[in-house]
Amino acid sequence: MQDRNVDKSMKLYERACQLIPGGTQLISRRPTRFACGVSPVYAQRASGSRFWDIDGNEYIDWVSGIGAIILGYCDPVVDDAVREQISTGTMYSINHELEVELAEELVNTIPCAEMVRYAKGGGDACAIAVRIARGASGRDKILFSGYHGWHDWYLAANLDTGADQKNASLDSHLFPGIDPTGVPKCLAGTAIPFPYGDLDALGNALDDHHGEIAAVIMEPFRSELPPDGYLEGVAKLARAQDVILIFDEVSTGFRPTASGAQPLVGVTPDMAVFAKSISNGYPMGAVVGRRDVMEAASQMFISSTYWSDTLGLRAALTTLQEVRRRDVPKIVHDIGTTLQSQITSVANETGVSARCEGLSFHPHLTFETDNEVERSQLATLFIQEMAKRGCHGYTSFYLNAAQTSDDIEQTVTAALATFQIIAQGLEKGNLGELLECQQQVESFRRLVR
Ligand SMILES: Cc1ncc(COP(=O)(O)O)c(C=O)c1O
């Protein structure tokens, strides 16, 4: 095992905390989400499946840019297309034909897409979709399930409505304890959560707010496939009350199929939202949907300078074409199933009760224990020991098409050594003493897990 430290990363993070409120721009990039003090915090460069941190350490990246990297870092085809685009201008005072070409690509690729608007990120795209749904329906309230970004419409869910549970609506959709500071109080009661997988709960929520709900927005799935008939049931309930159904496909993206989640689940929503993997690391997002719903946006003020910059458009068009040409869904499925069976097998070998399971294109590790503190210690120890062996990640794995059998082999070898340490810790009852960092803050608790 190579001797590594992340001293430069940690010093830079100290400087960042003096200058940047919260330290990072994305909560998922906070060092406390990993093994703080052991995991890398700042990257210097990346290529294919790997990145190098500012301390000179090399890592296999099992987070894939929090899902944005689907083809691999610095993909030569996408990057060459973007470089060529830069040489002809990144944006202009007028429009570029790529805007129409990408729209055609999305309409040809995604089942529910008849018209398209663009954005620069997932939260942005969700906010646009919600605005269009409100405008098209003339209604204000939104039912949601899952994570949909940082905007007022969504965080309004945690405003006090006088009900029993204060600031708790987002607990199981995002993470507990979010204070909606800065979100206008008059939005209280406009964003209402429903639990994933429970059709009765959704039906009741729709009935309770009959005639007031503009849209149901939800992640079609995250860690597991939906229960049989669930999404069909959601679509039926929504349609019965003329409520617009929006699938937030920002995280599922183009790993399930080259057309996103809709062909896999067999349900076509009224609208869908994409970002992250749509453009392999370049800022881009898209809102797509049925013509009669989307057309309402032509009468609404939804407008921004950089939404149609040529780099995001070119990166997205090329990425979508490459995902299809290389059959990336099959590649990530194969990586995922191999990873799941081999990691579960080395856990068994060491006697640690853990399974690598879930969706093949987004596997996750589950430690079988009822003890919450122990579970958190196990997760942190796993992240810590894997980082020391050059594998950067959480206990879940975001896959990309540049990950190789060598990466899997190195990762499984690291996992074996990690589980051996965990097994000893469990036997001696000293897991806590094996931690060289504070316990990981598991901020995102989504849908199933
Ligand atoms: C389902 C979903 N929607 C929206 C977002 C927000 O996307 P972004 O971070 O690009 O604003 C995310 C981010 O993880 C997501 O997973």
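Predicted model: local features only at pLDDT ≥ 70, side-chain atom pairs only at ≥ 80, totals over all residues.
Colleague: Switching to the ligand, how many residues surround it, and which are the closest?

Modeller: The ligand is surrounded by 14 residues, of which the closest are Gly121, Gly122, Gly123, Val250 and Ser251. By class, this shell has four nonpolar, seven polar and three charged residues.

Colleague: Which helix gives the most to the shell?

Modeller: That is helix α4, residues 122-137, which contributes three residues to the shell around the ligand.

Colleague: OK, now helix α2: how far apart are its end C-alpha atoms?

Modeller: They are 19 Å apart in helix α2 (residues 76-88), which agrees with the 18 Å that its 13 residues should span at 1.5 Å a residue.

Colleague: Which residues of α2 are buried?

Modeller: Val78, Val82 and Gln85 are buried in α2, and they cover an arc of only 60° around the axis, so they sit on the same side of α2. An α-helix has 3.6 residues a turn, so residues three or four places apart point the same way. What covers the buried residues of α2 includes α10, while the face turned away from the buried side carries the exposed residues Pro76, Asp80, Arg83, Glu84 and Ser87.

Colleague: What about the backbone just after α2?

Modeller: Just after α2, glycine 89 takes a positive phi of about 115°.

Colleague: And α3, which of its residues are buried, and which are exposed on the other side?

Modeller: The buried residues of α3 are Leu102, Glu105 and Leu106, and seen down the axis of α3 they fall within an arc of 95°, so they line one face of the helix. Val100, Glu104 and Asn108 are exposed on the other side of α3. The cover over the buried residues of α3 includes β4 (115-119), β10 (285-289) and α10 (310-325).

Colleague: What is the phi of serine 64, and where does the residue lie?

Modeller: Serine 64 has a positive phi of about 50° although it is not a glycine, and serine 64 lies in the loop between β3 (58-61) and α2.

Colleague: Is serine 64 buried or exposed?

Modeller: Serine 64 has 28 other C-beta atoms within 10 Å, so it counts as buried.

Colleague: Last one, aspartate 242: what is its phi, and is the residue buried or exposed?

Modeller: Phi of aspartate 242 is near 55°, a positive value in a residue other than glycine. Aspartate 242 is found in the loop between α7 (230-240) and β8 (244-248), and with 11 C-beta neighbours inside 10 Å, aspartate 242 counts as exposed.

Definitions and conventions. Residues numbered from 1 in each chain as written. Near = placed C-beta within 6 Å. Helix = DSSP H or I, 4+ residues; strand = E, 2+ residues; numbered from the N terminus. Nonpolar A, V, L, I, M, F, W, Y, C, P; charged D, E, K, R; others polar. Buried ≥ 20, exposed ≤ 12 C-beta atoms within 10 Å, placed from the backbone. Arc of directions from axis to C-beta. Contact = placed C-beta atoms within 7 Å. Expected span 1.5 Å × (residues − 1).
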